[in-house]
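User: I have a structure open and would like to go through it with you, a bit at a time. Could you take my questions as they come?

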Amino acid sequence: MDFSLTDDQKQIKEMVREFAESEIKPHVMEWDEAQTFPLDTVKKLGELGMLGAIFPEQYGGAGLSYVDYVNIIEELAVVDSGVALTVAAHNSLCSGHIYLAGNDEQKKQWMPKLTTGEWIGAWGLTEPASGSDASGLRTTAVRDGDDWVLNGTKNFITNATYADISVVLAITDRDDKKHGITAFAVEMERPGIRPGKKENKLGMRASDTAELVLEDCRVPSANVLGEIGYGFIDAMKVLDGGRISIGALSVGIARGAFEAARDYAKQRQAFGRPIADFQAIQFMLATWPRRSTPRACSATAPPRSKTPASASRRHPRWPSSTPRRWPCAPPSAACRSSAATASSRTSPRRSTTAT
Ligand SMILES: Cc1cc2nc3c(=O)[nH]c(=O)nc-3n(C[C@H](O)[C@H](O)[C@H](O)COP(=O)(O)OP(=O)(O)OC[C@H]3O[C@@H](n4cnc5c(N)ncnc54)[C@H](O)[C@@H]3O)c2cc1C
């Protein structure tokens with residue numbers, strides 16, 4: 001199988017790289033040291049369509065393929081894996097679950113806010129006592145008339161502190177081992193849901209990882225995502241795509257480390273020459289791990305009807321002549337550099353007539 005990128009894919013990759021170099025790179029150390037969540041930059045990523053990369057135009061998305069999406073995550077991760085994680089969790093997990101399992105009404109209500117970055121999304125599956133063994137969660141949702149009342153604590157939730165909406169997985173039938181978990185979309189302004197303790201991580205510190213606390217949080221039945229009892233099954237499908245984006249994120253981290261090591265080796269002098277001239281250093285750089293995400297994209301995201309990856313495939317790829325939610329398409333050199341400085345001018349999202 002040929003994994004080489006098309007010209008369109010290369011152009012999108014290049015645009016993201018330029019954005020990351022100009023808008024993110026100058027702040028990486030500051031954000032990392034202070035654990036700053038770069039809200040303004042995340043909003044700019046929304047304006048550029050990166051917070052709705054894989055979703056169709058109908059819902060305000062950029063309608064890109066999953067390959068384009070993993071390229072975006074990889075390029076962001078080369079510069080700052082925390083920003084990449086923010087984008088990946090927002091797209092693949094929160095928006096991905098609503099897009100996969102939500103009904104038309106729910107998608108119309110929430111997807112455009114998420115795809116444009118007006119809202120930030122979180123996705124709450126993990127709990128203090130259930131990580132790899134995700135189905136062992138303890139958060140409950142008890143029916144009360146036409147509402148559900150949610151109680152429990154999620155942890156390690158990306159974007160929890162800054163989210164406007166969170167998908168929450170909760171037990172609705174303790175006796176049903178297979179179909180006892182349901183997904184709810186919970187707007188963070190609802191009484192009874194709040195972010196809890198923020199994690200002090202060793203890396204990716206520009207990404208927000210925190211608890212999500214639910215205390216008698218009342219949610220209407222209209223916020224149930226998918227069928228009652230099918231939340232965990234849908235969550236596993238959501239993770240099909242989510243894991244690929246985390247693979248791309250890891251490739252980006254490795255590439256960022258490689259590029260830093262290569263540049264240092266060219267600049268660092270020892271014994272009267274750059275250390276890059278020494279064969280031992282050359283071997284280390286030459287045998288750096290190779291990329292595998294494109295394979296994962298093809299191999300682990302088969303066109304099953306309900307995965308986000310296959311969902312994105314069902315929509316035709318945008319020909320380069322089609323306007324889309326990028327500053328222009330295909331991006332000319334001038335346009336690429338303007339994308340990189342998007343912050344200093346009118347939102348490209350608003351300035352295009354793509355949708
Ligand atoms: C930065 C970050 C962001 C995250 N974002 C989110 C998010 O947005 N939403 C969300 O719901 N969750 C999120 N998570 C949680 C993540 O999904 C969990 O960390 C993951 O599922 C692992 O769970 P755990 O950390 O409890 O590890 P554990 O399940 O306790 O595992 C500990 C170790 O035991 C190993 N292990 C476990 N079971 C087995 C087994 N059967 N056989 C052999 N080894 C085993 C694991 O591989 C691991 O090495 C995030 C985590 C991190 C670190």
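User: What share of the contacts with a separation of 6 or more comes from residues 24 or more positions apart?
Analyst: In this protein, residues 24 or more positions apart account for 73% of the contacts with a separation of 6 or more, where two residues are in contact if their C-beta atoms, placed from the backbone, lie within 7 Å. This is a predicted model, in which local features need pLDDT of at least 70 and side-chain atom pairs count only at pLDDT 80 or more, while totals for chains, interfaces and linings use all residues. Residues are numbered from 1 along each chain as its sequence is written.

User: And how many helices and strands are there?
Analyst: The protein has twelve helices and ten strands, taken as DSSP runs numbered from the N terminus, with helices being H or I of at least four residues and strands being E of at least two.

User: How much of the protein is buried?
Analyst: Of the 355 residues, 47% are buried, and a residue is buried if 20 or more other C-beta atoms lie within 10 Å of its own, exposed if 12 or fewer, and partly exposed in between, with C-beta atoms placed from the backbone.

User: Which residues touch the most other members of the largest nonpolar core?
Analyst: That core has 83 residues, and those touching the most other members are Ile-73, Leu-76, Ala-84, Val-87, Cys-94, Leu-150 and Phe-184. Helix 5 gives the largest share of this core, with twelve residues. A nonpolar core here is a set of buried Ala, Val, Leu, Ile, Met, Phe, Trp, Tyr and Cys residues joined through C-beta atoms within 7 Å.

User: What is Leu-76 in contact with?
Analyst: Setting aside neighbours within four places in sequence, Leu-76 contacts Val-16, Ala-20, Val-83, Ala-84, Val-87 and Gly-252.

User: How do helix 4 and helix 7 pack?
Analyst: Helix 4 (residues 66-79) and helix 7 (residues 231-267) pack at an angle of about 40°, and their axes are 7 Å apart. Axes are lines fitted to C-alpha atoms, for helices over the stretch in contact, and angles run from 0 to 180 degrees between N-to-C directions. The crossing of helix 4 past helix 7 is right-handed, meaning that the near helix is turned clockwise from the far one by less than a right angle. The residues making the contact include Ile-73 and Leu-76 of helix 4, and Leu-249, Gly-252 and Ile-253 of helix 7.

User: What classes of residue are in that contact?
Analyst: The contact of helix 4 with helix 7 has twelve nonpolar, three polar and four charged residues. Ala, Val, Leu, Ile, Met, Phe, Trp, Tyr, Cys and Pro count as nonpolar, Asp, Glu, Lys and Arg as charged, and the others, Gly among them, as polar.

User: Is Ser-81 buried or exposed?
Analyst: Ser-81, which lies in helix 5, is buried because 23 other C-beta atoms lie within 10 Å. Not counting residues up to four places away in sequence, Ser-81 touches Gly-203, Met-204, Leu-249, Gly-252 and Ile-253. The C-alpha atoms of Ser-81 and Gly-256 are 9.3 Å apart, although the two are 175 residues apart along the chain.

User: Switching to the ligand, how many residues surround it, and which are the closest?
Analyst: The ligand is surrounded by 13 residues, the closest being Leu-125, Thr-126, Gly-131, Ser-132 and Thr-158, where a residue is near a molecule if its C-beta atom, placed from the backbone, lies within 6 Å of it. The shell divides into seven nonpolar, six polar and no charged residues.

User: Which elements supply that shell?
Analyst: Helix 5 (81-101), strand 1 (121-124) and strand 3 (147-158) each supply at least two residues, and strand 3 gives the most, with three.

User: Which residues have a positive phi although they are not glycine?
Analyst: Among them are Asn-159, at about 75°, and Asp-216, at about 50°. Asn-159 is in the loop between strand 3 and strand 4 (165-171), and counts as buried because it has 27 C-beta neighbours inside 10 Å. Asp-216 is in strand 7 (residues 209-220), and counts as exposed because it has 12 C-beta neighbours inside 10 Å.
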